[in-house]
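Here are some friendly notes to read alongside the model. Keep the structure open and find each residue as you come to it.

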Amino acid sequence: MGEKPFRAKQVMRWMHWGGAADFAEMTDLAKSLRAKLEECAIVGVPALMTAQESKDGTRKWLLDVGTGNGVETVFIPEADRGTLCISSQVGCALECTFCSTGRQGFNRNLTTAEIIGQLWWANKALGATPKNERMISNVVMMGMGEPLANYDNVVRALAVMLDDHGYSLSRRRVTVSTSGMVPQMDRLKEDMPVALAVSLHASNDEVRDQIVPLNKNIL
């Protein structure tokens, strides 16, 4: 577009720190640049399908990702932190016997934008602005789907979460949960060394083979 690199940082901060849903809101960009952006790009924000809130302040949103599909995002407040649980897929192919998402079957991977859109929506719903303290201090990839089965899109989303011009989260406060996709676990250590949680669900392989079919393929 012929613009200087710092303009990209400005746009990122407006979208992720400022919660801007329209280029017209980005008032420190020249009108000519805003016009160019409107011609070639959109700020696509997720649409809300349903919202629920419990007595303890936990909030759950079902966000529309098109073709009648929705993904769940959950905010869990605690005294010393606010944790957002994010989905990575529509459905799941791993077929863990105890998991309602697994029983739905696999539909598709979420895009990087759809993953980050959940964090964008939650920040907006919780009243985050550039001038106040954000309620979301931690992110866990523990929602619908197996994050490491959508490796590339998840890693790109994690990069935005950690970026100073994105959400500026600490690596120690971002966790990827997996059922045990070992090759991707090894890659994640090199590509995006955030916290890792392995969901065991059983104390031995005999039981785990029955309830987590992926376990049969782990050497």
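The numbered points below start with ground rules and then go through the strands, a helix and some loops.

1. **Ground rules.** This is a predicted model, in which local features need pLDDT of at least 70 and side-chain atom pairs count only at pLDDT 80 or more, while totals for chains, interfaces and linings use all residues. Residues are numbered from 1 along each chain as its sequence is written, and side-chain values use heavy atoms, with hydrogens and water left out.

2. **Strand E8, an enclosed strand.** Helices (H or I, at least four residues) and strands (E, at least two) are DSSP runs, numbered from the N terminus. Buried means under 20% relative accessible area, exposed means over 50%, and partly exposed is in between, using a 1.4 Å probe and protein chains only. Five of the five residues of E8 are buried, so the strand is largely enclosed by the rest of the structure. In a regular strand the side chains alternate between the two faces of the sheet. Here, Val-174, Val-176 and Thr-178 lie on one side and Thr-175 and Ser-177 on the other, and both faces are covered.

3. **Who sits beside E8?** Two strands pair if DSSP finds at least two bridges between them. Strand E7 (residues 138-141) runs parallel to E8 and is joined to it by three bridges; Val-139 has Val-174 as its bridge partner in E8. E8 is also joined to E9, by four bridges and again in parallel, with Ser-177 partnered by Ala-197 in E9.

4. **Crossovers.** A crossover is right-handed if, with the strands pointing away from the viewer, the path from the first strand over the helix to the second runs clockwise. E7, H5 and E8 make a right-handed β-α-β unit. The chain then crosses from E8 through H6 to E9 in a β-α-β crossover that is right-handed.

5. **A close look at Thr-175.** Which residues does Thr-175 contact, leaving aside its neighbours within four places in sequence? Contact means heavy atoms within 4.5 Å. The list is Val-139, Val-140, Met-141, Met-142, Ala-195, Leu-196 and Ala-197. Thr-175 is found in E8, and at 16% relative accessibility it counts as buried.

6. Gln-184, Met-185 and Leu-188 are the buried residues of H6 (residues 182-191). Seen down the helix axis, these buried residues fall within an arc of 105°, so they line one face of H6; the arc is that of the directions from the helix axis to the C-beta atoms. An α-helix has 3.6 residues a turn, so residues three or four places apart point the same way. Pro-183, Lys-189 and Glu-190 are exposed on the other side of H6. The cover over the buried residues of H6 includes helix H5 (151-162), strand E8 (174-178) and strand E9 (195-198).

7. **A charge over a ring.** A charge sits over a ring if NZ of Lys or CZ of Arg is within 6 Å of the ring centre and within 35 degrees of the ring normal. Arg-187 lies over the face of Tyr-151, at 3.9 Å from the ring centre.

8. **Strand E4 and its partners.** Four of the five residues of E4 (residues 81-85) are buried, so this strand is largely enclosed by the rest of the structure. Strand E3 (residues 70-78) pairs with E4 in the antiparallel sense over five bridges, and a hairpin of two residues joins E3 to E4. Phe-75 stands opposite Leu-84 in E4. E4 also pairs with E7, in the parallel sense over three bridges, and Cys-85 stands opposite Val-140 in E7.

9. **Gly-57, a buried loop residue.** Gly-57 lies in the loop between strand E1 (47-53) and strand E2 (59-64), and at 18% relative accessibility it counts as buried. Gly-57 and Ile-76 are 19 residues apart in sequence and 7.2 Å apart in space, C-alpha to C-alpha. Not counting residues up to four places away in sequence, Gly-57 touches Phe-75 and Pro-77.

10. **Two positive phi values to check.** Most residues other than glycine have a negative phi, and most peptide bonds are trans. Ser-168 has a positive phi, near 55°, and lies in the loop between H5 and E8. His-201 has a positive phi, near 70°, and lies in the loop between E9 and helix H7 (205-211). Ser-168 is partly exposed, with a relative accessible area of 34%; His-201 is partly exposed too, at 46%.
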